[in-house]
Amino acid sequence: LFYLPQGVHLLDRQYQPPIRVDADLRIGREAANRELYIYLTPVQLATQASSAGSAAGSRSQPALETYSFEFELHCLKGFTAIKTPSKGAPSISFHLDDGQKKGPLYMDDANNLQRLTEHLASHFVVSLADAATHFFTTKPHDPDALHMSLTELNFFTTPQRKKPSLLTRFVRDPYTTGLNELSKIARVASDYAYGGVSSQHRLYEPYQMPTYRQLDTPADPMVLASSVEDGFEVFSKPTVLSKLQSVARGPEVTEAEFKLHLDSNGQVLRVDELKQKIFRGGMQMSLRKTLWKYLLDYIPWEASTEEIEGIYKKRSSDYYRMKQQWKTISADQESRFFLLRERRSLIEKDVFRTDRNLPYFEENSKGLELLTDILNTYNMYNFDLGYVQGMSDLLSPLLVIMESEVDAFWCFAGFLTRVERNFDLDQAGTKLQLSQLNLLVSLLLPDLSAYLDQQDAANMYFCFRWILVWFKREFNITEIYRLWEVLWAAPPNYHLICCCAALEAVKNFIIHSRLDFAAILKHVNDTAYNIELDKLLSTAEGMLQQLYDLRQRGGLPDEVVELLGMPAVAAAAAASSTASKSRPGNVLRVQ
């Protein structure tokens, strides 16, 4: 599962100079049905000086195998990881449940230490127990703490380089530094001219952002905002959002309304209009079994009734063929199929604790059996991705609605096509979304963004669970039905706007209580099942309208335009105008 060939070394300090032992480190198993082990295999001996012959006394050089060790992974109770020591190389020590300590193992490359600890976090919930000693505890995975391992490992974030002092910068480049500082004086004067900023701003409450006066016409005041680029401080006009409006949500799509979108052949007409209605109000419960199949790309919108029947037959045949592939694997074959065996074990554990409060998934219910079969079949369908913890959360609502193994599977496959990167083993996809969320927060909630920067919480890791399973752990099952269908019908990455709306509800408490990162994480987790869905959706839609308005004025960054899949400015203006005239509260049109 994990391998560092000659990636580590240890030092035997009984010898002078100490003997260096270069070694391979790996995590895996070597026999069928054997527990996972951590192995250290010595490769060669060398001293830090030129040879072992200079060792003190008459000791002979030790045998290579004396430095090897192995232990069962579940015996690991913690580790000490030091990425940036005051001297020497990055290191890790393993602490076992019987009191033994293995290590320290030194690494020439700090990236290898990061890879190792992130891999351990895939097996355990990793928590920082003592910041002074860099000691982390390892506990079995808790399904209600999917976010914790990544959160606690944020010490691997590359620290920002400290900005040189004014005197140092002036000595290095007096011309540029002088212009920059004079420009700052101009900026402060402009702050007072255009926003009436408190005299304490930036001096005593650096997280508070100035409130600029709303202008009826585009303004072109003195430069107000700055950033550093290639040694120069670049100034630009501030981002002035329109006032956040509370948007009245639309009604649910009814069966009668849906029938108006069907032609005589059963094809769906005016698809964009229908998706807009779903985005604004969701749909009646009785429609979900039908419309979710369209929203999740199981059934094409343009398919006729006859074509849909053909799709059902083919998809049913495909599903049961894949199901038979894993059902017919013998125990002997499975003993040599490590990944399949490992994933089936993980599926069994996760299914046992997924939505057990719902009658559909009660003990020994048909729902639990179907949940298990669908997840194992998806493992065969997309073996490159396989099964990752959290996927069962995305499947269970689909299975409850569809009440069909085949239909639930193909809806699930379509859903995972959208969120597949949430389950990258290196969490790169989720980290990218957290970075994109940080950008949106800086635009929509600048006061919170500034405060998070102050608290070293701009990584947004406290929103990890929201993104990973699309708020599944924050709402009850009926609210999740409505939220997900809105997100499926919404512009791209609209779940990130919903994250901003959820943060808007708690930002004042976070700022005024001056919560640090750990307290923010706890407070956000405590909001589970206490978020008002209607308010969140209304706020999110108002925020999206703010971004559209800013886009029309040419002030929205290109990366946000691309992130949200916005149309050209002229098209957006026409759509917004048409939508606002067609119905009160219908403030934008989903493209």
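Let's start with confidence. The protein chain has an average pLDDT of 79, and 76% of the residues reach at least 70. Where pLDDT is low, the predicted coordinates should not be read in detail.

**Two helix pairs**

Now for some packing. Two packed helices are described by the angle between their axes and the distance between the axes. Here are the values for both pairs:

| Helix pair | Angle | Axis distance |
|---|---|---|
| H6 (residues 271–281) and H17 (residues 477–489) | about 140° | 8 Å |
| H7 (residues 288–295) and H12 (residues 391–402) | about 135° | 9 Å |

Take H6 and H17 to begin with. Their axes sit at about 140°, and angles over 145 degrees would count as roughly antiparallel, so H6 and H17 are oblique to each other. The crossing of H6 and H17 is left-handed. On the H6 side, Lys-275, Ile-278, Phe-279 and Gly-281 make the contact, and they meet Arg-482, Glu-485, Val-486 and Ala-489 of H17. Sorted by class, that H6–H17 contact holds four nonpolar residues, one polar and three charged.

On to H7 and H12. With an angle of about 135° between them, H7 is therefore oblique to H12. H7 and H12 also make a left-handed crossing. Which residues of H7 meet H12? They are Arg-288, Lys-289, Trp-292 and Lys-293, and their partners in H12 are Pro-397, Leu-398, Ile-401 and Met-402. The H7–H12 contact comes out as five nonpolar and three charged residues, with no polar ones.

**A threonine in H14**

Last stop: Thr-430, which you'll find in helix H14 (residues 428–444). Is Thr-430 buried or exposed? Its relative accessible area is 0%, and the cut-off for buried is under 20%, so Thr-430 counts as buried. What does Thr-430 touch, leaving out residues up to four places away in sequence? The list is Arg-421, Asn-422, Phe-464, Ile-467 and Leu-468.

Technical notes: Residues are numbered from 1 along each chain as its sequence is written. This is a predicted model: local features need pLDDT of at least 70, side-chain atom pairs count only at pLDDT 80 or more; totals for chains, interfaces and linings use all residues. Side-chain values use heavy atoms; hydrogens and water are left out. Axes are lines fitted to C-alpha atoms, for helices over the stretch in contact, and angles run from 0 to 180 degrees between N-to-C directions. Helices (H or I, at least four residues) and strands (E, at least two) are DSSP runs, numbered from the N terminus. Angles under 35 degrees count as roughly parallel, over 145 as roughly antiparallel, 65 to 115 as roughly perpendicular and the rest as oblique. A crossing is left-handed if the near helix is turned anticlockwise from the far one by less than a right angle, and right-handed if clockwise. Contact means heavy atoms within 4.5 Å. Ala, Val, Leu, Ile, Met, Phe, Trp, Tyr, Cys and Pro count as nonpolar, Asp, Glu, Lys and Arg as charged, and the others, Gly among them, as polar. pLDDT is the predictor's confidence in each residue, from 0 to 100. Buried means under 20% relative accessible area, exposed over 50%, partly exposed in between (1.4 Å probe, protein chains only).
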